[in-house]
Every structure is written in structure tokens, then in C-alpha cells.
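Welcome! Try each task yourself before reading on.

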Amino acid sequence: MKIQTPKKTKAFQESALARVGVDLSKNVFHVVGLDAQGNKILRKKFNREGFQGWLARLDNSVVVSMEACGGAQWWGQVCQSLGHTPMLIPPHHVKPFATSPKNDFNDAEAIGEASFRPRTTTVPVKTPEQQDLAMLIAARQGIINDRTALANRTRAFLLERGFVLPLGLAALENRLSEILDEGKNALTQVSHTLIRELQAQIRYQTEKIGEIDAMMKTLVRSDETGRRLQTIPGVGPLIAAALTAVIGDPNRFGSGRDMAAFLGLVPSQHTSGDKVRLGRITKRGDSGLRSLLVQGAQSALRAAEMSGSGKMKDGKLRTWLLDLLKRKDTRNKAVVALANKMARMAWAIWKNDTIYHAAA
């Protein structure tokens, strides 16, 4: 006589859930549920409201894993509010587990499997305040890119009329005013009107960048972490805001070097047979934050070289920098080395709730 095994009910399956992999989109969500051993026990498809309602109805807390893509931060905050643990995974960490033909359920299963791997890197869920800073930084960079495009277009137009404009925004503005104020030149009325309009747009964008900078300074000034980070030489409100927005939580890194490596400020390595080969910096991580740290390092290096008013305070850092300049064959290597040190100091100050002191 054949013994029939009782069929597992939907309630039983959901009670055994330990993790779910979610393939996010704007309106359709494919979910694969896994138990504590990684076995697939559930497959569901929801619309936006249905997915949120299903998460709210789950009796037990689960790990909700999803790719770190558009909208993932909001869903991470929703999961936290419902008592679940969000896990945002970069897409390149999910790809090795997508071993079946691509479809939404297979993608969700790959995301769930990647969440079990202990070495999988995750993206922290940002607070609304950190999202504000990230939004301001992205908007600022977008306006800067638009302004650069306008300036280059203006240079190209005037080059065809025999005017060679200098590099640099301030020099461009001065030369434009001279050309437009001249009584007689090669500009027609149409070209004169157009160049005047382009100049007005460049000025408008410069004003908008200044307004965003002021907003960022206000936000960072009201944040204790931002104030502590600005005690580091070369770190101003913009870099402090970018660190807060991009890094989120310093505890995700085991050391300052790990954070510097995350930002791509360490040499690339190709080692085999105990023969170490080091190359250029990896340039991994957020390119905007890395660029800001390098610019801040250039400013700090100039201050270290100065004497009198405006110079960097005497101490171990200034001594190290001046010695570094003597040892390196190019100045840029010293700048990147300082940017690396700034990232490591930022991690230590942030994690230990302290400030920078120029040790003698």
C-alpha cells in the first residue's frame, strides 16, 4: 500500500522561509523563497502593492535580498520598517549564480543564492538624510557636466569666428564679456545674441551650483559626523557630505585600508608564485568620491608646502608629506598617497567618534 506524504501548505512554506530573493522592477516583482539550507520552497509574482502587503503579512522575519538597483534603497527602508533584514547586493556579485537561462524567476533565485555567500559584498541601506546628500551631489555633478558642455560649445562657436578662448571658467567669462562688449568684431547680430544667451545660461548654472553647495554645507554643519570629518586636512563640506552619502556606515569595513581599497585608492595587484606586481590604482568604487578626495589631497599638499599664514599645522602628517614629495618621482603619486591616507583617517575618525589632531 502506497503511503501518501501530506502536501505542504502555503502557510507551512512561508513559515519555513529564511531568505527571499527578489527581482525588482517598477511594477512587477518576482520572488523566490529559500529555507535555511538554501532550498527553493516558494515562487511568487506580485504587483507593487501586493509585494509590500505580502511582506507585511509574513509572520517571521526574513532576509530580503535584492540587487542594488533603482528603487532598492526605498524597498530596503520598507523591509526595515516591517521588521525584515534587507540585503542589497551589487549586480556583479549576483551574475556568477545565474546559471540558468535568463528569466525573472531565475534572476530572483540567483539573488537569493548569492545572499548565502559570506564574501558577498552588500550595499548599506541609506537613511533619508544620506539620500538627501547623495541626491544633492548627483544633481550638482549633473549641472557641472551641463555647464562644461555649454562652455565647450561656446568655445567651438567662437573659434569658427576667429576667437580662441582660454581654458578655465573664470577666464572664459572674462573673455566672453570682452568679446560681447566690443563695438566691432566678426560677430553678426544673430551670433552675438546666441553667445549672449549661452553666457547667461553658464552664469545661471554657476548660481545653481552655488545654491546646492550652500544647502550641502548647511546639512553637513548640522551633522556631528560631518563636522568631525572636516577636521581632516583637505576635507571640506563637499567631501564630508560625499563620504556620508556613499559610505553610509563605516562598520561595513574592517579597517581604514579596506575603505580605501573600496574607493579604488590602492595599487592594482597581479601576484603569482610569490612574485608581487603592483600597478596603478584600481579606480574601483565611486568615481565621484574618489575624485573629490584627490582634489582635497591636492589642496592639503599645497597647504603643507606653504609657509606662514594658511600652511598646514606642523606635525607628523606635514612631515610625512614633505618627505613623500622628496621620495616620489611625480607629484601625482604623492597626491594619490595622501588621498588614500585621508580615506583611512576618515574611517578611523568616523568609527571611533573622534576628531583629527595634528600630532607632533
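**Exercise 1.** Is the crossing of H10 and H12 left-handed or right-handed?

*Solution.* A word on the model comes before the steps. This is a predicted model, in which local features need pLDDT of at least 70 and side-chain atom pairs count only at pLDDT 80 or more, while totals for chains, interfaces and linings use all residues. Residues are numbered from 1 along each chain as its sequence is written, and side-chain values use heavy atoms, with hydrogens and water left out.

Step 1: Find the helices. H10 covers residues 237-247, and H12 covers residues 287-305. Helices (H or I, at least four residues) and strands (E, at least two) are DSSP runs, numbered from the N terminus.

Step 2: Look at the angle. H10 and H12 pack at about 150 degrees, and their axes are 10 Å apart. Axes are lines fitted to C-alpha atoms, for helices over the stretch in contact, and angles run from 0 to 180 degrees between N-to-C directions.

Step 3: Name the arrangement. H10 and H12 are therefore roughly antiparallel to each other. The cut-offs are: under 35 degrees roughly parallel, over 145 roughly antiparallel, 65 to 115 roughly perpendicular, and the rest oblique.

Step 4: The crossing of H10 and H12 is left-handed. A crossing is left-handed if the near helix is turned anticlockwise from the far one by less than a right angle, and right-handed if clockwise.

Step 5: List who meets whom. Leu238, Ile239, Ala242, Leu243, Val246 and Ile247 of H10 are in contact with Leu289, Leu292, Leu293 and Gly296 of H12, where contact means heavy atoms within 4.5 Å. These residues divide into nine nonpolar, one polar and no charged. Ala, Val, Leu, Ile, Met, Phe, Trp, Tyr, Cys and Pro count as nonpolar, Asp, Glu, Lys and Arg as charged, and the others, Gly among them, as polar.

**Exercise 2.** At what angle do H12 and H13 pack?

*Solution.* Step 1: H12 and H13 (residues 316-327) pack at about 95 degrees, with axes 10 Å apart. H12 and H13 are therefore roughly perpendicular to each other.

Step 1: On the H12 side, Leu301, Ala304 and Glu305 meet Arg318, Leu321, Leu322 and Leu325 of H13. The classes here are five nonpolar, no polar and two charged residues.

**Exercise 3.** In what order do the strands of the five-stranded open sheet lie?

*Solution.* Step 1: The order is S3-S2-S1-S4-S5, and the pairing is mixed. Two strands pair if DSSP finds at least two bridges between them. The edges are S3 (40-47) and S5 (85-89), each pairing on one side only.

Step 1: Go through the pairs. S1 and S2 are antiparallel over five bridges, with Asp23 opposite His30 in S2, and a hairpin of four residues joins S1 to S2. Seven bridges connect S2 to S3, also running antiparallel. The hairpin between S2 and S3 has five residues, and Gly38 in its turn has a positive phi of about 90 degrees. S1 (residues 19-23) pairs with S4 (residues 63-67) in the parallel sense over four bridges, and Val22 has Met66 in S4 as its bridge partner.

Step 2: H2 (residues 48-57) lies across S1, S2 (28-34), S3 and S4, at about 135 degrees to S3. H3 (residues 72-81) packs on the sheet and touches S2, S4 and S5.

Step 3: Six of the seven residues of S2 are buried, so S2 is largely enclosed by the rest of the structure. Buried means under 20% relative accessible area, exposed over 50%, and partly exposed in between (1.4 Å probe, protein chains only).

**Exercise 4.** Is Lys283 buried or exposed?

*Solution.* Step 1: Lys283 sits in the loop between S7 (278-281) and H12.

Step 1: With a relative accessible area of 57%, Lys283 is exposed.

Step 2: Look at the backbone. Most residues other than glycine have a negative phi. Lys283, although not a glycine, has a positive phi of about 60 degrees.

**Exercise 5.** Which residues is Gln205 in contact with, leaving aside its neighbours within four places in sequence?

*Solution.* Step 1: Gln205 belongs to H8 (residues 189-221).

Step 1: With those neighbours left aside, the contacts of Gln205 are Ile143, Asp146, Arg147 and Leu150.

Step 2: At a relative accessible area of 14%, Gln205 is buried.
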